[in-house]
Amino acid sequence: MTSTGSSTIHPRIVLATCCLSLLLVMMDVTVVNVVLPSIRADMHGGFSTLQWVVDAYTLMVASLMLLVGSLADRFGRRRMFLMGIGLFCSGSALCAMARSVDILIMARAVQGIGGSMLNPVALSILTNVYVEPRSRAQAIGIWGATSGVALALGPVVGGVLVHWVGWQAVFWVNVPIGLIAILLTLRFIPESRGGRARGIDAPGQLLAIVALVMITSGLIEAHNYGWASPTISGFLGFGLLAVMGFVMVEQRAATPLIDLRFFRAWPFSGAIVTAVLAFAIFSAFLFLNTLYLQDVRGLPALQAGLCTLPFACGSMVCAPLSGRLTGRYGARLPLLLSAAGFGLSALLLTGLAVHTPLWWLLLSYGLCGCGFGLCNAPITNSAVSGMPRSQAGVAAAIASSSRQVGALLGIALGGALSAGSVRAGGVQWDEFPQATHVVWWCMAVAAAGIAGLGLVSTGVRARRSARQVAALLDS
């Protein structure tokens, strides 16, 4: 227990509150996957609707995460944290009460706006409360472990809730937990601000949102309109123009949203691309397998959620192992092991059929969980490796945002590549397993990419580039 001025700070309660909020946000990334078939049956939505239910949330988190960190430093971290919990709970209630697909997707976007305020702000709060380096490292370790556990257990929790209560319970359960987090925040978390608030790069932020929205829309709606349609060409074309505009704006901005000089450091660039690839694999893997288990094999939501337990176990066992391996040997070994887990899990599904043996599926899920658990520690380590202390937080925030971008694109691309099973009358579920084969092969290629990045971004030349960028940023 520490004291600041006249107020007493309880670090463990602050840590518990931040972990509680993180549990809400990260579990919501995966818990919704297992209730998608129930939502589709209840609201009669199409295949692209299921993608939007997931991606509307992730899109907001990915788009706003970096901006929120600057706003919190300027206007107060506790204030932003409370606003985030409030919006997240409000969005959750709106989701539970939604009676149409359009309302549900909009409510998911509100959830995502709130969620974007929680992850980076919670980390800033912990950094402010835990000032001693060793205790800070331990607190951040517990906080990070909570994220992994929440992501892995999401499908299992979703299966239990939809089985006993209904899909609305997945959203209603957030409200009382969020209210507890609000009370704890008001009582125990002190207000804090950054020493010198960064400027807000409005043009860069706007272009980033436009780019993500346009590219995601083009990928998700391609099977509705056709790849050659003017609508899809317009979406993707505007998205690419926004990306080009973003790069031009960031090169000239006084306080850019993303300092492009970071990417001259090979370890940082490798970490960002690895994060996108790993989380694209993770999100598409869960999305497609959830639909396969329930709509193709006919498993109830509870059984489908329980089938993902090997993924959860693999992730929870390998996440702390990855931290120890990274600390002892650096990022290369855990990245190579992660790539092996992802690659083998995808290769096992390249022959997926309606009656693929269950043990074969569970083996694939366990390997994917191991790959996912092994990737997070080396991504963060590589992102901040060699960076000046003053820039390490920004580098880690960019890595966190890239994870969300990967998850966003994974759902969009996974659906776009497996669209061969989609017909005018809906999804032909007997054709769905065959249609996903191209996705598993793409995942295997992405896993090979992670292995290659692990080798290139951890060598002598890579470390030299990081030192050069650190010197440039310090000058």
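This is a predicted model: local features need pLDDT of at least 70, side-chain atom pairs count only at pLDDT 80 or more; totals for chains, interfaces and linings use all residues.
User: Which residues of H19 are buried?
Analyst: Buried here means under 20% relative accessible area. An α-helix has 3.6 residues a turn, so residues three or four places apart point the same way. The buried residues of H19 are His437, Val439, Trp440, Met443, Ala444, Ala446, Ala447, Ile450, Ala451 and Gly454.

User: Which helix gives the largest share of the lining of the second largest pocket?
Analyst: The second largest pocket holds about 620 Å³ of space and is lined by 25 residues. Helices H3, H10, H11, H12 and H17 each supply at least two residues of this lining. The largest share is six residues, and its source is H10.

User: How many charged residues are in the lining of the second largest pocket?
Analyst: Ala208, Leu212, Phe246, Ile258 and Val405 lie nearest the centre of this pocket. By class, the lining has 21 nonpolar and four polar residues. The number of charged residues is none.

User: Which domains each give at least three residues to the lining of the largest cavity?
Analyst: The largest cavity holds about 60 Å³ of space, and its lining includes Val29, Thr58, Phe282 and Ile411. Helices H1, H3, H12 and H17 each give two or more residues to this lining, with the largest share, three residues, coming from H12. The domains asked for are domain 1 (9-189) and domain 3 (261-474).

Conventions. Residues are numbered from 1 along each chain as its sequence is written. Side-chain values use heavy atoms; hydrogens and water are left out. On a 1 Å grid over the protein atoms alone, a cavity is a set of points where a 1.4 Å probe fits but cannot get out, and a pocket is an open set with protein on both sides within 12 Å along at least five of seven lines; lining residues have an atom within 4 Å of a point. Grid points are joined across faces, edges and corners, and a volume is the space filled by probe spheres set on the points. Helices (H or I, at least four residues) and strands (E, at least two) are DSSP runs, numbered from the N terminus. Ala, Val, Leu, Ile, Met, Phe, Trp, Tyr, Cys and Pro count as nonpolar, Asp, Glu, Lys and Arg as charged, and the others, Gly among them, as polar. Buried means under 20% relative accessible area, exposed over 50%, partly exposed in between (1.4 Å probe, protein chains only). Domain bounds come from an automatic or database domain assignment.
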